[in-house]
Amino acid sequence: MKNALTDSQIRSLKSGLDRRYEQLRAEIEEGLQRAGEARLAEEVRDLEDEAFASVLEDLRIAEVSRDVAEARDIELAVDRLAKGTYGYCAECGQPIALERLRAYPAARRCHHCQERYERERDAPRSSTL
Ligand SMILES: [Zn+2]
């Protein structure tokens, strides 16, 4: 499959991916460190504060796992770049709009498929009438 993007567009998207990846790695490292510190702090805290401390820790962990998921998306995008399948929707196979790739270079789906994906994911599991 021939990629519809030009070499210079790919270079610029790739450098965006690399920058974001470095940023995420730093955030993940910092987040993990803070979660570790929170755990240490929790050990010396009063009983009443314990629940609050663990809520805070959960929030930090949620933040870290979001970053990890995004970093994983970027790794997959870099992999697709290497294979020449980058820039195509994983579901319908159509090229993903350049402005979408610029806004979110790790995008796996075209705008249309992403919207449908989110609708289906967020929809309550009810019977189809
Ligand atoms: Zn699509």
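The legends below describe close-up views of a predicted model.

In this predicted model, local features need pLDDT of at least 70 and side-chain atom pairs count only at pLDDT 80 or more, while totals for chains, interfaces and linings use all residues. Residues are numbered from 1 along each chain as its sequence is written, and side-chain values use heavy atoms, with hydrogens and water left out.

View 1. Cys92 lies in the loop between helix H2 (47–83) and helix H3 (98–103), and Cys110 in the loop between H3 and helix H4 (111–122), so the pair ties together parts that are 18 residues apart in sequence; helices (H or I, at least four residues) are DSSP runs, numbered from the N terminus. Cys92 is partly exposed, with a relative accessible area of 38%, whereas Cys110, at 10% relative accessibility, counts as buried. Here buried means under 20% relative accessible area, exposed over 50%, and partly exposed in between (1.4 Å probe, protein chains only).

**View 2. A salt bridge between Arg20 and Glu70.** The two side chains meet at 2.8 Å, N to O, a salt bridge being a side-chain nitrogen of Lys or Arg within 4 Å of a carboxyl oxygen of Asp or Glu. Because Arg20 lies in helix H1 (residues 7–43) and Glu70 in helix H2, the pair ties together parts that are 50 residues apart in sequence. Arg20 is partly exposed at 26% relative accessibility, while Glu70 is buried, with a relative accessible area of 18%. By this rule the count comes to 10 salt bridges, and Glu30, Arg34 and Glu63 are linked in a network of them.

View 3. Lys83 is exposed, with a relative accessible area of 61%, and Asp79 counts as partly exposed at 36%.

**View 4. The largest nonpolar core.** This core has 20 residues, and those with the most contacts inside it are Leu5, Leu13, Leu17, Ile74, Tyr86 and Leu101; a nonpolar core is a set of buried Ala, Val, Leu, Ile, Met, Phe, Trp, Tyr and Cys residues joined through side-chain atoms within 4.5 Å. Helices H1, H2 and H3 each supply at least two residues of this core. Leaving aside neighbours within four places in sequence, Leu13 is in contact (heavy atoms within 4.5 Å) with Leu5, Tyr86, Leu98, Leu101, Arg102 and Pro105.

**View 5. The surroundings of Ala77.** Ala77 is found in helix H2 and is buried, with a relative accessible area of 0%. Not counting residues up to four places away in sequence, Ala77 touches Leu17, Tyr86, Pro105 and Ala106. Ala77 and Pro105 are 28 residues apart in sequence and 7.7 Å apart in space, C-alpha to C-alpha.
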